[in-house]
Each structure stands twice: as structure tokens, then as C-alpha cells.
Amino acid sequence: MIVDTTEVQDINSFSRLESLKELYGTIRVFTPILTLVLGITIGVLVIVWLEREISAGIQQRIGPEYASPFGILQALADGTKLLFKENLLPARGNTRFFSIGPSIAVISILLSYSVIPFSYHLVLADLNIGIFLWIAVSSIAPIGLLMSGYGSNNKYSFLGGLRAAAQSISYEIPLTLCVLSISLLSNSSSTVDIVGAQSKYGFWGWNLWRQPIGFIVFLISSLAECERLPFDLPEAEEELVAGYQTEYSGIKFGLFYVASYLNLLVSSLFVTVLYLGGWNLSLPYIFVPELFEINKADGIFGTTIGIFITLAKTYLFLFISITTRWTLPRLRMDQLLNLGWKFLLPISLGNLLLTTSSQLLSL
């Protein structure tokens, strides 16, 4: 049997071309994901450094200063130290729950970043139900904390896990009602469409002015969801040693630490997207008409400006969260639940009814 060498070469070149196409397709899929993860990691490191510096300034003491100039790499040094520490397992605990819990907490929060628009056309997944996907996915995180508390075989850890679950359920309902009000105002549940609906009138088009009650309820609920002071009952050190993370050490303890800051960053980003106009410059057109055109800019310049504006608004809210930590005292557990069920829930429900009524009357 005689085989034509030209046909063999064509087949080989075709197979190589197909392999290159598959490789290119794989790289094209994973490059945005890896870029987003890298950006999130840098954002978390910046938040940790900012919190230490701002806390030091409020308390009139010296913050981190030894790990690199101004202590910029202190968070990286702490993470490296935790990475090389020994992972201890409780002798009579449920090791499966104990090991899986931190991973569930981190992964569920990381998935929320996929629907956040950082600039015009710069979003990993522009879904029609983007904001509700965030609420659905973020509600999984307390399950990881509950598993961690149960698997530790420690009464303090288990109480911390139960508190985390109770707190999440109590404040997730008002938060969802506020998000639903924004969705009704924007006639969409897509995060990109919500930002677009706020861009028509510049600064005065922010949902902050159209939904002031919802903004306050969302602000309080997001702080409670992040378990920040004055809502850090699941890990109150005076009562529960360290709550659900009492028995953890090494990188697993570090994962809880990372999950806390990831949750704080994603909440700040959603405040920016839902209430502060997202990536839009948001200056009134009548004052600065030339700068107003930046909102419509495309390409690398427009994308860079959009990312900068989004991050500036996000870190402004983070500053408020950090200063709140050292301003207000911790609530009791009964006060926390009363605030969620007896005050925020009726207020957010009334706000939703008012929004619905105004939308129906405007038809």
C-alpha cells in the first residue's frame, strides 16, 4: 500500500492547527478569570494594609512599618507565615467538615465577583439575574462556617457557627428586599443595566438619592453579612474565644481571614454598583460637559478610567466600614436579632412597597 506523503503532511498540519486552536481557546477562557483573581488578591492585600494604617491613626499609635516601606508587604508576610504553620486537626472532631468549611466560605464569595462590572464592558459574566446570583451564592458561606463550628467539636466554635447562620439569615432578607427595590427602579436585575440606568443624569442619577432608606438598610445589612463590628458576634473574643475559628491554625485559619476581607470587598463593590453609579464619573453635565463624555469613552483609556472610578468609590465605602469598627461598640446577640427582624425587615419591606407603588403610578 502506497501512502502519499503530501496527504500525511496535510493531516499532521491540520491536527497541529486544531491543537493550537484548542490551546488558544483554553487560554482565552482562563485569562480573564486569572486576571480577576490576581486583581482581587491585590485588592485584599491593600484592604488589610489600609485597615491597619487607619486603625493605627484612629488609636494614635504606630501601624505596620517593618515589612517594606510603610509596612506595605505586612499582609503578604503574615500570609506566608500562616502558609508554613502546622495544620492541626481536633482529635474527636469531624475532620471532613473541619477541612471543607474554610474552602466553602472562600469559594462562595469568590464566585460573587463574576457578576461585578468594573468598567464599561469589563465584567466576567453579564447575567440577567446578576444581583440575585450574588445573593444566592453568598448565602452559602454561612454553611461553611456552621460546618467549621460543628466539625471542631468545641462548644465555643459550635456557638460561633450557629451565630453566623442566625445572623446571615436575619440580615440577608432586608438586604434582598433592598436589592429588589433597585431592580424595580432599573427594570433589570443585570448589574451592567443597573449602572447604565444611573448614568443618565450624572451625580443626581445615583440610586443613593432615589433610594436613601434602602441605602441605609443595605449599608447596615452588608456590615452584618461581613461580620464586621458592631456585628462580629460569631467571633466575639470576650465570649467565644474566636468563635468558629477557635480550633483552626495555619492556612485554614488564613482562609477565614481572607474570606472576611473578600466579603468586605465584594459588599463595597456592590454598594458602588447599586447606589453610587458604578464606573460612571457622575459629574453633572451642566458643570463639566467635557469630562461627562469620559463615561462614553471606549478602549483602553475608557476602561482604565472606569476601573479607577469604581475602585475610588469602593475604597471610600471601605474607609467608612473601617472607621465604624473603631467607633461603635459590639451589640448583644438579642440586640442584633431585634435590629434585623423588628426594625430593618419592616423598613425594607415598606421601602419595597413604596418603590413598587411609585413604579406603578409612573406607568
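Me: Where is Thr-314 placed?
Reply: Thr-314 lies in helix α13, residues 299-325. Helices here are DSSP runs of H or I with at least four residues, numbered from the N terminus. The model is predicted: local features need pLDDT of at least 70, side-chain atom pairs count only at pLDDT 80 or more, and totals for chains, interfaces and linings use all residues. Residues are numbered from 1 along each chain as its sequence is written, and side-chain values use heavy atoms, with hydrogens and water left out.

Me: Does Thr-314 count as buried or exposed?
Reply: Thr-314 counts as buried because its relative accessibility is 0%. Buried means under 20% relative accessible area, exposed over 50%, and partly exposed in between (1.4 Å probe, protein chains only).

Me: What does Thr-314 touch?
Reply: Leu-265, Ser-268, Leu-269 and Thr-272, leaving aside residues up to four places away in sequence. Contact means heavy atoms within 4.5 Å.

Me: Changing topic. Which residues of helix α2 are buried?
Reply: In α2 (residues 74-83) they are Gln-74, Ala-75, Asp-78 and Leu-82.

Me: Why do they line one face of the helix?
Reply: Seen down the axis of α2, the buried residues fall within an arc of 100°, so they line one face. The arc is taken from the directions from the helix axis to the C-beta atoms. An α-helix has 3.6 residues a turn, so residues three or four places apart point the same way.

Me: And Ala-56, buried or exposed?
Reply: Buried, because its relative accessibility is 2%. Ala-56 is in helix α1 and touches Arg-61, Ile-62 and Gly-63, not counting residues up to four places away in sequence.

Me: Where is Leu-34?
Reply: Leu-34 is also in α1, residues 5-58, but counts as exposed because its relative accessibility is 57%.

Technical notes: Helices (H or I, at least four residues) and strands (E, at least two) are DSSP runs, numbered from the N terminus.
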